[in-house]
Amino acid sequence: MEKLDAPIFVTKSFLPPFEEYVDKIKEIWESNILTNLGPIHEEFKEKLNNYLKTDYTTLCTNGHLGLEMSIKALNLKGEVITTPFTFASTTHALVNCGIKPVFCDIETETYNIDANKIESLINENTTAIMPVHVFGNPCDVETIEKIAKKHNLKVLYDAAHCFGVEIDGKGIGSFGDISMISLHATKVFNSIEGGALTYKDPVLKDTLRLYKNFGITGPESVIAVGGNSKMNEFQAAMGVVNLRYMDKQIEDRKKIAYLYRELLKDVKGIKVLSDIGGVKHNYAYFPILVDEIEFGKTRNELYEELKNFNIFTRKYFYPLTSNFACYQEECKDLDLKNANYVADRILTLPIYGSLDLSIVEYIVNAIKIIKKEEIIK
Ligand SMILES: *Cc1c(COP(=O)(O)O)cnc(C)c1O
């Protein structure tokens, strides 16, 4: 097999046709409003709210600040039960807001928080559950809601990966008290940087607005210790234009995911995710779990050897956030068996709308060569 000339990375940011974006940002020269909830911000908010099928949406600079704003708006304190199998942002958001993250183990099918292990971690200091819909696969939202109701806890979903995901026709952002969907350049849908907070309670509209703009209510009135996490007009313009292309992007991702699954079906030691009944997926990532005994090589060996083929994968999520240098000391005695197992074996393969299907075949062939299997012609 001939080596590819150009490197293939795990993702590639979506950009719309240049002229379309330029056309949209002309409006900024007409309005002379660059930020502070201008007309394009409002337009984007409406369009996104429809697309995401939720009651209310609040836009912000990025997903991470959206999480911190949500923690403050929900008045979370003390301890919050969360998952260590996530991006740094989830855990850091809690700690930055003075909250102790209490790590719950994950389940090995979806890599999401194990809802059946949450209750044993609840104590009188617990104020919320903060699960992550990992790789865009929904958590067990029903069980989580039941537990939250029973113990009077808030639920804040890190839905960073979930743009466009639905459960039985309901937008993923309509579960829990607030969901945060990241609109970062590397995610399924981007507004360059950005975050969307979705929720049902209209009261949160005003609270979140306060927190994203310094707590200001008028020229001489400040009523809360807010920060600055406003989305500007250039970001919103990118969002409005990109939104036109998203159905097609997700369709293209689906074709890639299905081809990967088909081609990897018979490769022993590689486990892939499956679709879940009733869920509209967005195919945000294509993670594989490498069983070193059946595959014959470890995840780390596969990761390194794929580089020889100009394929650059990522170990999402390794290490667990509980194993980060800044947290490991206080987390060293935790029982996170499944999370450690998955973090040591997970590898995410390239997937993005414009990834050619022939490259998907090339990547799978490379995996087979590394495993030293025959290439099926
Ligand atoms: C990307 C991401 C975030 C942060 O979102 P930004 O928009 O990049 O700030 C939070 N949590 C998870 C799981 C993510 O993947």
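Colleague: Let's start with one side chain: is Arg-345 buried or exposed?

Modeller: This is a predicted model, where local features need pLDDT of at least 70, side-chain atom pairs count only at pLDDT 80 or more, and totals for chains, interfaces and linings use all residues. Residues are numbered from 1 along each chain as its sequence is written, and side-chain values use heavy atoms, leaving out hydrogens and water. Buried means under 20% relative accessible area, exposed means over 50%, and partly exposed is in between (1.4 Å probe, protein chains only). With a relative accessibility of 15%, Arg-345 counts as buried.

Colleague: Which residue meets Arg-345 in a salt bridge?

Modeller: A salt bridge here is a side-chain nitrogen of Lys or Arg within 4 Å of a carboxyl oxygen of Asp or Glu. For Arg-345 and its partner Glu-292, the distance from N to O is 3.0 Å. The two link distant parts of the chain, 53 residues apart, with Glu-292 in helix H9 (residues 292–295) and Arg-345 in helix H12 (residues 337–345). The partner asked for, partly exposed with a relative accessible area of 27%, is Glu-292.

Colleague: How many helices and strands does the protein have?

Modeller: Both kinds of element are DSSP runs numbered from the N terminus: helices are H or I with at least four residues, and strands are E with at least two. On that basis the count for the protein is 13 helices and 17 strands.

Colleague: How many residues apart in sequence are the parts that Glu-43 and Lys-24 tie together?

Modeller: The side chains of Glu-43 and Lys-24 form a salt bridge of 2.7 Å, N to O. Glu-43 sits in helix H2 (residues 39–52) and Lys-24 in helix H1 (residues 18–31), so this pair ties together two parts of the chain. Glu-43 is partly exposed at 23%, whereas Lys-24 is buried at 8%. The separation of the tied parts in sequence is 19 residues.

Colleague: Which residues are linked with Lys-24 and Glu-43 in a network of salt bridges?

Modeller: A search of the whole structure finds 20 salt bridges. The network that includes Lys-24 and Glu-43 also takes in Glu-27 and Lys-47.

Colleague: Why can helix H7 be called largely enclosed by the rest of the structure?

Modeller: Helix H7 covers residues 233–243, and its buried residues include Ala-236, Met-238 and Val-241. Those buried residues pack against H1, H2 and helix H8 (246–264); contact means heavy atoms within 4.5 Å. H7 is largely enclosed because the buried share of its 11 residues is 10.

Colleague: What is the bridge partner of Phe-286 in strand S17?

Modeller: Two strands pair if DSSP finds at least two bridges between them. Strand S15 (residues 286–290) and S17 pair in the antiparallel sense over 4 bridges. Strand S17 (residues 346–349) is covered on both faces, with Ile-346 and Thr-348 buried on one side and Leu-347 and Leu-349 on the other. The partner of Phe-286 is Leu-349.

Colleague: Which residue does a cis peptide bond join to Tyr-316?

Modeller: The bond has an omega of about -5°.

Colleague: Is Tyr-283 buried or exposed?

Modeller: Tyr-283 has a positive phi, near 55°, in a residue other than glycine. Its place is in the loop between S14 and S15. With 8% relative accessibility, Tyr-283 counts as buried.

Colleague: What percentage of the residues of the protein count as buried?

Modeller: Along its principal axes, the C-alpha trace of the protein spans about 70 × 55 × 40 Å. Of the 377 residues, the buried share is 55%.
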